[in-house]
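Reader: Before we talk labels, show me the model. Then I will ask what stands behind each term.

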Number of protein chains: 2
Amino acid sequence: MKLVKKANAHHHGALREALLAEAERVIDTQGLEALSLRSISRAVGVTHAAPTNHFGDLTGLLSELAADGLRRLAQHLHTAIRVAGPGLRERAHAMARAYLHFAIEHPGLLVLMSRSAHLDPTRPALREAMEQASRVLDDFADEIQKAKGVDPVRAAAERTALRALIHGYSALLIDGRLERTLAALPEGTTAESFFDVVLDVIDFP
Amino acid sequence: MKLVKKANAHHHGALREALLAEAERVIDTQGLEALSLRSISRAVGVTHAAPTNHFGDLTGLLSELAADGLRRLAQHLHTAIRVAGPGLRERAHAMARAYLHFAIEHPGLLVLMSRSAHLDPTRPALREAMEQASRVLDDFADEIQKAKGVDPVRAAAERTALRALIHGYSALLIDGRLERTLAALPEGTTAESFFDVVLDVIDFP
DNA sequence: ATCGGAAACTTTCCACTGTCAACTGTCCAA
DNA sequence: TTGGACAGTTGACAGTGGAAAGTTTCCGAT
């Protein structure tokens with residue numbers, strides 16, 4: 001029965017998902033530059049023009065993939081914050097650690113998300129996913145704002161510092177530019193355990 | 001006399017520099033993705049295979065360009081630190097501000113430097129330039145180490161935090177992902193002036 | 001002075017890419 | 001039954017980077 005479906009040359013059945021899965025596999029193992037529309041089509045067993053029906057063009061496919069990644073990241077961060085202890089510092093660390101964890105597990109996906117040149121922000125799925133991810137940070141920012149003094153500039157600065165620190169550390173790590181630093185640390189120190197110390201350079205009350 | 005030189009079809013004279021200059025122009029105005037070996041060759045008035053003599057392949061050209069950028073950046077940071085006041089905080093801020101300034105003026109170049117997939121680190125010029133740039137940071141790190149307590153892990157964390165914060169803020173800004181944050185700030189606040197406040201989230205003694 | 005080779009650039013070719021237009025088969029609803 | 005809409009295919013096009021081989025120029029050794 002399945003063979004009949006397989007033999008059908010014009011209805012793959014779940015091509016959209018298959019293409020996204022293959023694209024994510026390539027992007028996380030060989031990197032974004034190694035990905036090509038034609039190669040993933042081949043890997044999925046379909047001709048090179050098939051993806052057009054589902055994604056339009058390459059930036060369309062990448063945008064959907066990025067949207068999916070953003071949704072998962074937002075979910076990941078959200079539960080990390082929710083599960084963490086009550087303190088502001090604990091929650092901030094939990095979120096940051098969750099982000100780093102995601103970056104280590106899906107390096108290509110994270111690179112893709114921060115490469116606006118390859119994405120089409122007018123796609124509804126991407127736009128929504130970006131807003132969903134922002135909302136996690138914004139909610140947390142509100143918390144900081146409430147907990148600390150109400151100087152709005154200072155609050156924005158703290159939020160931005162946290163964001164920049166997380167993004168910067170992840171990017172440096174993924175790009176292999178922390179290797180020397182990590183190698184000089186005491187035996188057994190991992191990128192993740194060191195990140196906790198780095199985060200403490202920002203003081204949360 | 002010059003016309004004779006110009007008419008010479010086989011000796012451009014300064015092709016190497018011309019190619020690098022054109023590549024930098026494209027990269028800083030249209031972005032890294034818009035650059036192609038053939039287009040810059042055309043712009044310089046030479047066939048597409050000419051660059052091979054000077055750079056080998058595309059990653060060769062990009063590596064030389066990145067090396068040049070790194071040298072200039074290192075120089076820029078070095079003088080910023082040297083010129084700044086005596087305090088540790090002043091010097092750190094001066095360096096960070098210089099970095100951001102460079103990022104704003106040469107966004108494409110900065111992106112290129114942090115995209116290891118396009119670079120060939122075995123090229124001597126690149127390797128040297130990377131070490132030169134690292135040295136600026138390392139020297140400054142030693143200063144921090146001396147000025148503050150001698151816990152090496154804590155010192156490494158502070159250095160890394162500063163690095164990640166600078167890199168992260170620049171990357172977010174270049175990618176246009178700070179626009180909403182900046183728009184919500186008081187009138188007249190620029191990305192650069194706000195950066196000073198962000199940097200203060202890390203406390204230097 | 002010239003001869004030989006190295007350096008610099010051109011030409012030609014190849015494999016590959018993304019995008020487009022035209023076609024074919026399949027399924028479902030009027 | 002028939003007519004689209006959907007989901008693929010096929011084939012062409014312009015563009016890319018790279019390799020190979022040919023051409024022109026220069027320059028140093030003899």
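Author: Helix H4 (51-55) of chain A and helix H3 (37-44) of chain B each supply at least two residues of the surface near DNA strand D. Helices here are DSSP runs of H or I with at least four residues, numbered from the N terminus. This is a predicted model, where local features need pLDDT of at least 70, side-chain atom pairs count only at pLDDT 80 or more, and totals for chains, interfaces and linings use all residues. Residues are numbered from 1 along each chain, chains are lettered from A in the order written, and side-chain values use heavy atoms, without hydrogens and water.

Reader: What makes Asn53(A) a polar contact of a base nitrogen of DNA strand D?

Author: A polar contact is a pair of N or O atoms within 3.5 Å. An N or O atom in the Asn53(A) side chain is 2.8 Å from that nitrogen, so the pair qualifies.

Reader: Why is the pair Tyr169(A) and Phe195(A) called stacked?

Author: Rings pair if their centres lie within 6.5 Å, and planes under 30 degrees apart count as stacked. These centres are 4.4 Å apart and the planes are at 20°, so the pair is stacked.

Reader: Why does Phe195(B) count as buried?

Author: Buried means under 20% relative accessible area (1.4 Å probe, protein chains only). Phe195(B) has 0%, so the residue is buried.

Terms used:
A polar contact is a pair of N or O atoms within 3.5 Å; within protein, one must be able to donate a hydrogen and the other to accept it, and residues adjacent in sequence count only if both atoms are side-chain atoms. Rings of Phe, Tyr and Trp (its six-membered ring) pair if their centres lie within 6.5 Å; planes under 30 degrees apart count as stacked, over 60 as edge-to-face and the rest as tilted. Buried means under 20% relative accessible area, exposed over 50%, partly exposed in between (1.4 Å probe, protein chains only).
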